[in-house]
Amino acid sequence: MGMTFRKRKRNTDAPKEGKILKMRLSSVLLIGYRNLMINKFRSIMTIGGVAVGIGIITFLISIGFGFQEMVVREVTKDNPPDIIEIINSNLDNFVSLDGTMVGRIHDISGVDRIGRSINTGGKFVMGDSQTDGAIYGIDRDYSEMSPLKMIAGSVDFGDGSEKAVVSTRLAELLGYADPSSLIGQSIGYDIILSGETNSESRGDMVRSGNRIDVGGVYDNRDKSVAYMPYSLLGREFGVDQAQQGKVKAKTQADVPNIRIEIENLGFVTENVGDIVGDINGFFFIIKIVLVIFGTIIMSISAMGMLNTLSVSLLQRTKEVGILKALGAKRGDIFKMFIFEAAIISVFGGVSGFLGGYGVAKTVNVVFNVLASQKGNESIDFITIPGYFMLAIFGFVAFLGIATGLMPARRASKTHALEALRYE
Amino acid sequence: MDEEKDIAIEVVDVKKNFHVGENEIPVLSGVSLKVKRGDFALLVGSSGCGKSTLLHTIYGLEEPSEGKVYIDGKDIWSYSKDWRADFRNQSIGFIPQQSFWIKSLTVIENIAIPAIIGGKGFHESIPRAAQLIELVGMGKWADYRPYDLSGGQQQRIAVARSLMLDPKFIIADEPTGNLDFKAGQEVLDLLTEICGKFKITVLMVTHNVEQYKYGSRIIRMRDGKIVSDEENMNSRERLIQEYPDVKDDPSLMEHRAA
């Protein structure tokens, strides 16, 4: 049989104090795993309970975050967060966005550039056709910060420019079914100038019989609009005070300070961050509700897990007894139970997270398929931020420890003889 | 000096009291004994006389109220709980009355469990467990679950488990208490054979007089005290005189004759 006993080379000395033997982690994990496998149905139900809890939370939160991100994305699409709107409409302060003010704003720390605009009314004439519409005077910086969706031609709104960009609607009303054919044509216009656009004016005035070449057409099928160079309006009509401005900050972090400085000059400022803040505030409340809902679900899962582990401990009391009698230490027994809880929570957590995210993604795909059938654009409303993933895994770890702690402590404290006598 | 080295287990004036409510019940009342190396010592007496308590005190599970327990010259109750756990694990094989198992592990893995507790991995412990399961004649049951086996088979496996770490001592608490006569005899035959072959000191509790034939020493207890401690005389007349009910047991006589 080849059986040998080390007859004389035995463990003649028991281990010295301080060199305490410990079970290997791999052995502890294997025993924990085997124990879960021997009670497959119970283990699957418990892991399933955790998975459903985590899955529902992941599903709800990923939709919550996704919708929030989608709304913010739509709102900020044409309003970058590093752009500050300046409005010269503070009734308490008689300040004007003239050249001096533009220079002072430009000198504020963190300002990259500043653009100006005025808007006013006018009348456009082309042969026998004529129509009322809006005239915007903008400079190059403004046009770059608020780009037009050009469909034909292009115009540089710099100081020497003398051409206009008109909307497709205006081109259509002037008799050009093909808007691009208006490019290079000269159109006549009258302009109503507000007194606030001219530092020397004492009231509104109308300047008629003007002409301007069309350099480009942009996509706007609703309104009759012509964009003209701000400098041209200055040269032709004495415009030297803008009604609105746009400031681009060097970084988004500079925005709050720049706003304060500009407001100290007497202007009103707006930034898309204000709207985003309101949106985030709204979704924060929604997420709080979802978290409360998820916490209730997880509490039920946690109770199921605690119940399973407690029953497992009761069923294995004699096992704990014999392990201790044969030399297992409190730490070994503690690890055995805590790892069993960890296995349940990790399996439940990972499968729940993947399941919840998968279902949410599937809902998104189905929604987009239906939307595309009706001619709408696809949207992505499922998002899980990295920190939420970390939070989920942190929560899973907490769940494992919290629910495993009590049974593990109880098991590890059990006296070997009491456990062996347990009925 | 040589005589001292020859002593494997020494119990000195051990007392143990249990508290039941406000009452203090003495279970061991100043027990002293010495077990020599290679002894197959039987601790006998009627139920409730304190023999299991004494065994657990020697095994390091039940702390005595007073007195000392020396194993291999070490005062085991002067060490920490964890040290005693390691000492049990590394030096003493334990066979309880009822075999307790890790339900989720196979028979062979259960035999290996003392080594696993001692810090070894399953892979490196299984070969030794495989040798032991063959030694006790249970090789074909290696991959079964222990609770699928009969009581006698389970106790054979318990013997194998007790030998896993090549112990110097085996402590057995009525190992055949739940078995029928034949199964019990097979287990004890196996135990005496292995322990005799490998010079393992055995201290076994029994209240079955039919098993006295296996002991090289018989220590009798009554009411928490040792009333006699003597080498087994192997005397038929003496056994019959003291225990008339065993006179018709031929196996007892065969064993003595051998």
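Residues are counted from 1 along each chain as its sequence is written, while chains are lettered from A and ligands numbered from 1 in the order in which they are written. Because this is a predicted model, local features need pLDDT of at least 70 and side-chain atom pairs count only at pLDDT 80 or more, whereas totals for chains, interfaces and linings use all residues.

On confidence, the model comes in at ipTM 0.87 and pTM 0.68. Chain B averages a pLDDT of 85, with 88% of its residues at 70 or more; pLDDT is the predictor's confidence in each residue, from 0 to 100. Where pLDDT is low, the predicted coordinates should not be read in detail.

As for the interface, 36 residues of chain B touch 36 residues of chain A. On the chain B side, the elements giving two or more residues are α3 (81-91), α5 (113-117) and α6 (122-135) of chain B; helices (H or I, at least four residues) and strands (E, at least two) are DSSP runs, numbered from the N terminus. The biggest giver is α3(B), with 9 residues. By type, this side of chain B splits into 17 nonpolar, 10 polar and 9 charged residues. Here Ala, Val, Leu, Ile, Met, Phe, Trp, Tyr, Cys and Pro count as nonpolar, Asp, Glu, Lys and Arg as charged, and the others, Gly among them, as polar.

Chain B has an open, antiparallel sheet of 4 strands in the order β2-β1-β4-β5, where two strands pair if DSSP finds at least two bridges between them. Its edges are β2 (23-36) and β5 (74-75) of chain B, each pairing on one side only. Between β1 (residues 7-20) of chain B and β2(B) the antiparallel pairing runs over 11 bridges, and B:Asn17 has B:Pro26 in β2(B) as its bridge partner. Helix α2 (residues 51-59) of chain B sits on this sheet, touching β1, β2 and β4 (66-71) of chain B, and its direction makes about 120° with that of β1(B). Axes are lines fitted to C-alpha atoms, for helices over the stretch in contact, and angles run from 0 to 180 degrees between N-to-C directions.

Another open sheet in chain B has 6 strands with mixed pairing, ordered β6-β7-β8-β3-β9-β10. The edge strands here are β6 (92-95) and β10 (225-231) of chain B, and the twist averages 15° from one strand to the next.

Now the helix pairs. In chain B, α7 (residues 151-162) and α8 (residues 181-197) pack at about 15° with axes 9 Å apart, so α7(B) and α8(B) are roughly parallel (angles under 35 degrees count as roughly parallel, over 145 as roughly antiparallel, 65 to 115 as roughly perpendicular and the rest as oblique). Their contact residues divide into 5 nonpolar, 3 polar and 2 charged. In chain A, α2 (residues 40-76) and α8 (residues 272-315) pack at about 180°, with axes 9 Å apart, and are therefore roughly antiparallel.

Methods:
Two residues are in contact if their C-beta atoms, placed from the backbone, lie within 7 Å.
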